[in-house]
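Please consult the sequence and the 3D structure alongside the text.

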Amino acid sequence: MENNFRKRTIIGGMILIITGLIMLLIQTKEPQVKNSNKPTIKIGVIYPMSGDGAIYGIAAKDTTTMFFDEFNKQDRRFNYEIIFEDNQLKLPLTAMLANRLIQVNKVDVLVTCLSNFGAVVSPIAENYKTLHFSVATDPTVANGFYNFMASSNIEGEVKLLYDTLLKHNARKVDIVVVNATGPISMVNYFKDIVAQEKGLKINNTYSVNANEKDFRILISKIKNNNPDYVILMLAMPTIDIFLKQYKENNANIPVTGIETFTYLQNKKLADGMWYIDTAPATDDFAKRYETKTGRNTTDYAEYMDLVLQMITLGYEGTNSTDKVKVAEYVQKYSNGMSTAIGTVSTKTDGIIDGEPILKKVENGKIVDF
């Protein structure tokens, strides 16, 4: 019995010590405590957190942590609470999450990415007078007073594609575009330039579904057309499937696009190809992001940083929770700001633009062209 008593005493003491260490560890690692005297701004982020688009959700989460670690070093007027939701790249789920975040979670701001999903959320946000910032390319996403779009200047992207094609002696092209609002808006703008300048001819435009799996017949048609270039306006996972089958069918017509190869999971499928990409991360942001995450590619994390900068600009600048005042402040004072994508210009329609650039793929990596 005495031995049992000693054992229980020793075990009890160890438990107390371990518990004390755990509590100390929790206290030292606990994030900065919110100031209860400050109002809290709730931000609902709807991103793909699983599946094909998970890399963008992970990058957005990492950026949010990085942004507020730095932001909260100074005294701020508000607390900011972030609620992440996984839309799994599904439109109906995106709409459901937006409604739930507004009605149940009572968020002040919504953040989305990719035009299809931003376009679904924009009318919902406008209806409920909820601020909405979307990383997208379709200008319709910014429709309405409460909607903003962090873009890379769609007009600039398309014009850069057109001019670069001419420099590469292209005179006729085929276009393959996914049935999504962003890529379609780019193709329509490209067609307008072609009609005005008449330096290129579009042989054919092929529309495909986002879940398309078999492109062999389409590739055969393109080979028969024999254009100088094929413009691909596809996203994940369709771009990987298309380029894999393109190579398997020995198609050697040069391929290009806008943002297209950034979405590739297997970048080697586009080795040697150039394309137009969004305004890139500044060197400073890219270095800080790599230090924070250990990854040397940002996966558009810079655009999440840009969005958070715009949101906090509006609230801190107005010292108000009035969404009308916040929206007006962002519209007025974001133009010409230095951001994670460099200096931006903000149009009266709520589109916050950076300057697009040329990139290419070499040895499975994206580099400047």
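The model is predicted: local features need pLDDT of at least 70, side-chain atom pairs count only at pLDDT 80 or more, and totals for chains, interfaces and linings use all residues. Residues are numbered from 1 along each chain as its sequence is written, and side-chain values use heavy atoms, without hydrogens or water.

- Strand β4 spans residues 131-135; strands are DSSP runs of E with at least two residues, and helices are runs of H or I with at least four.
- Five of the five residues of β4 are buried (under 20% relative accessible area, 1.4 Å probe, protein chains only).
- Leu-131, Phe-133 and Val-135 lie on one side of β4 and His-132 and Ser-134 on the other, so that both faces are covered.
- β4 runs parallel to β3 (residues 109-113), with five bridges, and Val-111 stands opposite Phe-133; pairing requires at least two DSSP bridges.
- β4 also runs parallel to β5 (residues 147-151), joined by four bridges, where Asn-147 is the bridge partner of His-132.

**The largest cavity**
- The structure holds one cavity of 30 Å³ or more, a cavity being a set of points on a 1 Å grid over the protein atoms alone where a 1.4 Å probe fits but cannot get out.
- The largest cavity contains about 40 Å³ of space, a volume being the space filled by probe spheres set on the points.
- Its lining residues (an atom within 4 Å of a point) include Val-158, Phe-190 and Met-233.
- α6 provides the largest share of this lining, three residues.

Definitions and conventions:
On a 1 Å grid over the protein atoms alone, a cavity is a set of points where a 1.4 Å probe fits but cannot get out, and a pocket is an open set with protein on both sides within 12 Å along at least five of seven lines; lining residues have an atom within 4 Å of a point. Buried means under 20% relative accessible area, exposed over 50%, partly exposed in between (1.4 Å probe, protein chains only).
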